[in-house]
Amino acid sequence: QVQLLESGGGLVQPGGSLRLSCAASGSIFSINAMGWYRQAPGKERELLATITSGGSANYAGSVKGRFTISRDNAKNTVYLQMNSLKPEDTAVYYCNAEITSKSMRALTVWGQGTQVTVSS
């Protein structure tokens with residue numbers, strides 16, 4: 001079994017920063033693309049950023065220049081550094097990974113979500 005565990009959410013003032021982490025664990029052979037999404041109340045889940053195993057990143061226009069995705073392949077962990085946070089960034093943030101298990105199954109795995117609230 002494979003799982004993703006997120007951490008780092010919380011309450012931050014507008015203009016502040018947070019760093020989210022997401023660690024994969026379990027029966028992992030390899031991890032391909034990893035990504036971060038968010039979902040605000042009453043809205044659809046939104047893709048924010050993705051990163052390949054080689055480190056190539058892509059961003060949604062709404063976060064480009066403010067958020068940075070990175071990963072540590074040795075730790076099976078992906079990060080999201082969020083700067084210049086705005087109240088409209090308030091949402092539950094989810095990580096996602098395309099994982100090949102040790103039994104050679106291709107899996108799409110989601111984290112449980114972590115709440116980020118931007119408010120004064």
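Contact here means that heavy atoms lie within 4.5 Å. In this predicted model, G9 is in contact with L18, L20, T114, Q115 and V116, once its neighbours within four places in sequence are left aside. G9 is found in the loop between β1 and β2, the latter spanning residues 10–12. With a relative accessibility of 31%, G9 counts as partly exposed. The C-alpha atoms of G9 and D72 are 19 Å apart in space, and the two residues are separated by 63 residues in sequence.

The protein chain contains 11 strands and 0 helices. Its pattern along the sequence is accordingly written β-β-β-β-β-β-β-β-β-β-β. The C-alpha atoms fill a box of roughly 50 × 25 × 25 Å along the principal axes. A compact globule with 120 residues would have a radius of gyration near 14 Å, and the value for the protein chain, 14 Å, agrees with this. Of the 120 residues, 42% count as buried. Among contacts between residues at least 6 apart in sequence, 55% join residues at least 24 apart.

Four of the strands make up an open sheet with the order β1-β3-β8-β7, and their pairing is antiparallel. Strands β1 (2–7) and β7 (67–72) stand at the edges; each has a single partner strand, so one side of each is left without a neighbour in the sheet. On average, neighbouring strands of this sheet are turned by 15 degrees against each other, direction ignored. The antiparallel pairing of β7 with β8 (residues 77–82) extends over 6 bridges. Within this pairing, I69 has L80 in β8 as its bridge partner.

A further set of pairings involves strand β4, which covers residues 28–39. Strands β4 and β9 run antiparallel and are joined by 9 bridges. In this pairing Q39 stands opposite V92 in β9. Strand β4 is also joined to β5 (residues 46–51), by 5 bridges and again in the antiparallel sense. Here M34 stands opposite I51 in β5. Strands β4 and β5 form a hairpin with 6 residues between them. In the turn of this hairpin, G42 has a positive phi of about 80 degrees.

In soluble globular proteins, nonpolar side chains tend to be buried together. The largest nonpolar core of the model has 32 residues. L80, M82, Y93 and I99 are the residues with the most contacts inside this core. Strand β9 (residues 91–101) gives the most to the core, with 5 residues.

The surroundings of I99 include residues from several parts of the sequence. Leaving aside neighbours within four places, I99 is in contact with V2, L4, A24, I28, S30, I31, R105, A106, L107 and V109. S101 is found in strand β9. This serine is buried, with a relative accessible area of 4%, and touches S27, I28, F29 and L107 when residues up to four places away in sequence are not counted. I28 and L107 are therefore listed as contacts of I99 and of S101, on the criterion of heavy atoms within 4.5 Å.

The structure holds 1 disulfide. This link joins C22 to C95, with an S to S distance of 1.9 Å. The angle about the S-S bond is 55 degrees, and the link is right-handed. C22 lies in strand β3 (residues 18–26) and C95 in strand β9, so the pair ties together parts that are 73 residues apart in sequence. A disulfide is a covalent bond between the sulfur atoms of two cysteines. Buried residues are those under 20% relative accessible area. C22 has a relative accessible area of 0% and is therefore buried. C95 likewise counts as buried, at 0% relative accessibility.

Definitions and conventions
Residues numbered from 1 in each chain as written. Predicted model: local features only at pLDDT ≥ 70, side-chain atom pairs only at ≥ 80, totals over all residues. Heavy atoms only, no water. Pairing = 2+ DSSP bridges. Helix = DSSP H or I, 4+ residues; strand = E, 2+ residues; numbered from the N terminus. Axes fitted to C-alpha atoms, helices over the stretch in contact; angles between N-to-C directions. Core = buried A, V, L, I, M, F, W, Y, C linked by side-chain atoms within 4.5 Å. Buried < 20%, exposed > 50% of the residue type's maximum accessible area, 1.4 Å probe, protein only. Disulfide = S-S within 2.5 Å. Rg over C-alpha atoms; globule rule 2.2 N^0.38 Å.
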